[in-house]
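Let's take a walk through this protein, starting with the overall picture and then stopping at a few side chains along the way. Have the model open and follow along.

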Amino acid sequence: MGFSALTPPIRPEDVVETLLEFPDNRLLIGLCGEYDRNLAQIEQQFGVHILRRGNRLAVIGEGAAREPAAAVLRGLYARLEAGRGVQAGDIDGAIRLGRPMPERAWGAAGDEQIEMFSPGNTELRTRKRPVEPRTAAQQAYVAALFANELGFGIGPAGTGKTYLAVAVGVTMFLGGMVEKIILSRPAVEAGERLGFLPGDMREKIDPYMQPLYDALNDFLPQKQLAKLMEDKRIEIAPLAFMRGRTLSNAFVVLDEAQNATTMQMKMFLTRLGNGSRMVITGDRTQVDLPRGTASGLAEAERILKGVKGASFSYFTARDVVRHPLVARIIEAYEADDGASG
């Protein structure tokens, strides 16, 4: 394993190594990655050197960086032992959380084993692939959604607010905790006039709902998703269509809630029925409502703080799990807003 050009030099007097032994050489190859790129990613993040010696890895560096890097390597190897792959995103999540992958907790759902969230487990099991929070804020958010009947996820784009909410909803649905999933968004144009849209009602509103379809397609096979939507066990509808309904035994998500008016937000919140969970997600910096119209998300945050059964989870640019440049873009805009303010 060569030294990364981005890794700072280590003084001879500071050189200390932690030696890790991995008995299964096949899994060790998966841990290292093609051309040792997984090791290079860990080297760069922790400022250590990682040398391969047979079936051992030597992590060289100062203790404050060496031990967390070794813990990540152990955790990723345990992940491979459990039959799960290691991709760049998995490494990023392990680095952000700074600890090995947790033990599994299983619950039964029909003839299948559906992995449920528990205090010692952070993985959500869907029909297509497992989903894991990658930051401490995401972990706390998922835990809050299981623990509370009403959860708010507030923060910038790319932090997994909606994606994780839908993953929790699918996990609860497959585990028999709810009978249906209802996903909604305000049909508000993002700063541009789209004009007349042809087609029937569904064809008119689908462009607004596409991010919700995208999330569901990540978690459920296409044929099963189509069948569940045909049977109304999964619904995707604009916020305006929620008026007059009582949503019982359902997992309900309102996405882009910053674009709901105060009255729309109150209407939606009061749809909550027995046996249901509700999640509200939004970004206070991306309000597309007409000038002078108050955001229902900001009002709900002010009014409902401290209400029993409601949780508020907040995300920052540090929780962005898209391209690293997205986090830097968000931080640059936040810095500019602070300077101009």
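Predicted model: local features only at pLDDT ≥ 70, side-chain atom pairs only at ≥ 80, totals over all residues.

The protein chain holds 11 helices and 13 strands, and 48% of its 341 residues count as buried. If you look at contacts with a separation of 6 or more, 70% of them come from residues 24 or more positions apart.

Now for the charges. Side chains of opposite charge can pair when their charged atoms come close. The count here comes to 12 salt bridges. Take Glu-17 and Arg-53, whose side chains meet at 3.0 Å, N to O. That pair links distant parts of the chain, with Glu-17 in strand E1 (residues 17-21) and Arg-53 in strand E2 (residues 49-53), 36 residues apart. Glu-17 counts as partly exposed at 37% relative accessibility, and Arg-53 counts as partly exposed at 40%.

Another salt bridge joins Asp-231 and Lys-227, with the closest N and O atoms 3.6 Å apart. Asp-231 is partly exposed at 37% relative accessibility, while Lys-227 is partly exposed at 45%.

Then there's Glu-235 with Arg-245, a salt bridge at 3.0 Å, N to O. Glu-235 sits in strand E10 (residues 234-238) and Arg-245 in the loop between E10 and strand E11 (250-254), so the pair ties together parts that are 10 residues apart in sequence. Glu-235 counts as buried, at 14% relative accessibility, whereas Arg-245 is partly exposed at 24%.

What the Glu-43 side chain does reach is the backbone nitrogen of Ile-50, at 2.9 Å.

Two last stops. Gln-224, in helix H8 (residues 222-230), is partly exposed with a relative accessible area of 23%. Its C-alpha atom is separated by 9.6 Å from that of Arg-127, 97 residues apart along the chain. Finally, Leu-325, Ile-329 and Tyr-333 form a nonpolar surface patch with about 320 Å² of accessible area together. Tyr-333 belongs to helix H11 (residues 324-340) and is exposed, with a relative accessible area of 59%.

Note on methods: Residues numbered from 1 in each chain as written. Heavy atoms only, no water. Helix = DSSP H or I, 4+ residues; strand = E, 2+ residues; numbered from the N terminus. Buried < 20%, exposed > 50% of the residue type's maximum accessible area, 1.4 Å probe, protein only. Contact = heavy atoms within 4.5 Å. Patch = residues over 30% accessible without salt bridge, like charges linked within 9 Å, V, L, I, M, F, W, Y side chains within 5 Å. Areas by Shrake-Rupley, 256 points an atom, 1.4 Å probe, with all protein chains shown as cover. Salt bridge = Lys/Arg side-chain N within 4 Å of Asp/Glu carboxyl O. Polar contact = N/O pair within 3.5 Å; in protein donor to acceptor, adjacent residues only side chain to side chain.
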